[in-house]
Amino acid sequence: MKKLAILFTAGVLCVGILLAAKSHAPKFSAEKIREHVKYLSSDALEGRGTGQKGGDLAADYIAAQFKSYGLKPAGENGTYFQSVPMVGVKTLPETSFALAPASGEPLVLKNLEDYVTSNESQTGIADIDAPIVFVGYGITAPEEKWDDYKGYDLKGKVALLFVNEPISDDPNFFKGKALTYNGRWTYKFEETARHGALGTLIIHRTDLASYGWEVVRNSWGGERSFLKLDGTPKLEAASWIQQDVARKLVGMAGLDLDKLFQDAQSREFKPIELPVHLKAHIVSALRPFTSRNVLGMVEGSLEENKRAEAVLYTAHYDHFGIDRSIPGDNIFHGAIDNGTGCGILLEIARAWGVTKPAPARSILFASVTAEEQGLLGSEYLGKHASLLPVEPILDLNYDALAPIGIPEEVEVSGAERTTFYPSVEKIAGEFGLAIRPDAQPEAGHYYRSDHFSLSRVGIPSFSISEGRKFKGHDLAWGEAQAKEYVDHHYHKPADAFREDWDFAGLAKMASFGYALGSAAAAQGGDIRWLPGDEFEKALQKYRSGAIDMDALFAGHPEFRPVYISSLLYPPLARQTRAGGTVVARVTVGGDGTVRQVDVLKGHPLLDQSVKDGLRAWKFEVQDGAERSFDLTCDFIVPSGWTCGHQNASAVLGPFHLAVWGGPFCIEASTAIASK
Ligand SMILES: [Zn+2]
């Protein structure tokens with residue numbers, strides 16, 4: 001009976017889509033979503049840990065489903081997989097931290113009690129003996145006219161700072177109470193590393209972090225996973241310290257922590273070097289491994305002589321695996337987080353697989369790994385977006401939706417920041433879904449799920465989740481359910497499958513996401529961030545395929561580029577599929593122009609294009625001194641690229657560029673049209 005009722009509901013919902021997409025709208029099956037969630041959260045999948053057997057089984061299962069729906073492989077070498085090179089880092093007990101004042105006894109700190117730390121630079125042993133510098137919030141935000149560093153160089157130093165951002169009620173200043181990315185702890189580590197810091201100590205205050213020390217300690221006590229080094233600056237000691245420890249630390253310098261907190265609220269704030277050293281010996285166990293994102297696609301029908309645009313759907317499949325130190329059920333089943341998102345993603349994929357006629361633009365599906373380790377699978381996907389067979393124009397993400405009935409509200413936080421929002425409002429209305437604003441913008445939830453990895457490279461992105469109001473219940477009931485989940489199930493083995501769950505609501509959320517995708521696939525490339533949005537610049541960069549100058553010269557402030565053009569992949573090299581590495585010594589004259597380019601290592605078909613491209617680069621004139629750097633350029637024809645693909649460049653690290661090109665085809669437009 002229940003099943004019939006669900007099918008009936010889904011059937012009614014499909015009318016709206018049918019009209020919108022003018023196609024035979026598929027039916028969305030609550031039962032199929034249930035089966036996916038039940039299997040993915042079963043004991044056999046061992047909690048789908050990143051770099052563990054269970055995680056790999058989940059990836060295999062998702063790829064097999066994609067195949068059964070007739071999706072085209074969109075991974076590497078004709079497979080459904082994109083390899084994500086990672087390293088597990090576990091801080092070992094031999095690690096020691098001490099705060100050493102200029103005179104007097106050092107204060108020895110206790111690991112996990114007083115501090116937690118990870119060596120992001122992925123070396124087995126790191127020794128630090130460096131002065132500690134208080135940098136306020138450690139934020140550089142030109143759009144807010146805010147710079148905590150004021151030109152101060154953190155090279156060879158350790159940063160001390162507060163989490164979050166300057167206190168504000170003004171919506172035009174750091175978005176008022178809402179958290180911007182500048183307030184997230186991940187930003188603090190990234191930004192201080194970009195300023196050259198060896199290590200960073202974030203002062204933990206429960207009120208600012210919105211979670212207690214227990215949470216920090218639990219997630220930092222075991223192995224943490226990182227993307228394999230890609231040239232992005234990293235810290236040897238990415239650390240949190242307890243507020244009391246910070247109080248003692250600044251006390252050694254005769255300063256008061258509360259006063260420093262007040263000082264940090266000002267635009268006039270300048271870094272304060274303390275007469276205290278951090279003496280740290282960090283010992284880590286390193287475990288390199290490869291994890292996988294799972295990628296499948298439905299090809300669009302639009303025939304254009306350029307890289308096809310695509311609507312992207314994402315949902316992470318990983319969870320925390322098994323913790324053998326826990327007695328009893330030690331499997332982190334992750335039924336809701338994120339078995340449900342995967343179930344919905346798969347049901348949407350199945351629906352697109354049977355959609356006739358095919359949508360104008362392609363539909364790409366990515367079930368990503370290592371979300372729980374810090375959005376790593378999606379970070380890799382975003383950083384390598386130009387290597388995908390299609391170009392994502394919008395990402396719709398699903399992460400942890402409770403199967404507790406028919407939602408009457410939907411949360412789409414972030415959608416209101418894009419030009420796609422009017423479509424979202426319209427479709428939500430057709431589904432009888434009220435849009436629920438972010439209940440806790442100060443917690444910065446927007447920056448805590450995979451869509452953010454795509455936003456930060458510029459792609460308009462948001463998550464779709466249920467609100468709090470469910471059919472047949474009042475709002476208080478929904479809020480109580482959400483609280484129950486957070487208090488007793490979230491990130492615990494207790495997030496396990498229940499037979500009495502009602503998946504009809506998740507079928508509705510799948511159907512809603514399908515309708516959004518239909519609208520986006522029809523609307524196409526004019527989906528963008530609203531003017532002034534924090535990701536607007538990133539989108540311009542993404543669309544133009546321009547080189548990220550900051551990343552290319554990271555850690556080398558002596559080079560200040562003012563004009564960098566992309567390097568061309570010569571047609572003859574593409575025609576013969578010739579790839580290779582060119583290393584060029586670039587001499588920049590005192591007037592800021594490129595004086596000379598010497599090829600140190602080369603390739604006959606590629607050298608000239610590198611020389612020609614580099615001669616156009618220009619730098620800010622500083623002291624009139626001549627300087628040189630060695631630039632490495634990897635030319636690659638990615639497997640799976642067909643003719644018509646545009647050139648693309650990406651920064652792989654400081655002074656390291658990748659140039660990608662599709663195979664060159666004569667009369668490329670005819671070749672595409674006849675396929
Ligand atoms: Zn989670």
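Asp337 has a relative accessibility of 4% and therefore counts as buried, the cut-off for that class being under 20%. The model in which this value was computed is a predicted one. Asp337 is one of the residues that coordinate the zinc ion. His491, which also coordinates the zinc ion, has a relative accessibility of 25% and so counts as partly exposed.

Along the chain, the donors follow the spacing D-x34-E-x118-H. Asp337 and His491 are 154 residues apart and link distant parts of the chain. Asp337 lies in helix α9, which spans residues 335-353, whereas His491 lies in the loop between α13 (475-488) and α14 (504-523).

The angles among the 4 donor atoms of the zinc ion range from 56 to 143°. A tetrahedral assignment would require all angles to lie between 85 and 135 degrees, and the site is classed as irregular. For four tetrahedral donors, the ideal angle at a metal is 109.5 degrees.

The structure holds 3 cavities of 30 Å³ or more, and the largest cavity has a volume of about 110 Å³. This largest cavity is lined by 16 residues, of which Val588, Gly589, Glu620, Ala625 and Arg627 are the closest to its centre. By class, the lining of the largest cavity comprises 5 nonpolar, 5 polar and 6 charged residues.

Notes
Residues are numbered from 1 along each chain as its sequence is written. This is a predicted model: local features need pLDDT of at least 70, side-chain atom pairs count only at pLDDT 80 or more; totals for chains, interfaces and linings use all residues. Side-chain values use heavy atoms; hydrogens and water are left out. On a 1 Å grid over the protein atoms alone, a cavity is a set of points where a 1.4 Å probe fits but cannot get out, and a pocket is an open set with protein on both sides within 12 Å along at least five of seven lines; lining residues have an atom within 4 Å of a point. Grid points are joined across faces, edges and corners, and a volume is the space filled by probe spheres set on the points. Ala, Val, Leu, Ile, Met, Phe, Trp, Tyr, Cys and Pro count as nonpolar, Asp, Glu, Lys and Arg as charged, and the others, Gly among them, as polar. Donors are N, O and S atoms within 2.8 Å of the metal (3.2 Å for Na, K and Ca); water is not among the atoms, so sites may look incomplete. Four donors count as tetrahedral if all angles lie between 85 and 135 degrees; four count as square planar and six as octahedral if opposite donors are over 155 degrees apart and all others between 65 and 115; anything else is irregular. Helices (H or I, at least four residues) and strands (E, at least two) are DSSP runs, numbered from the N terminus. Buried means under 20% relative accessible area, exposed over 50%, partly exposed in between (1.4 Å probe, protein chains only).
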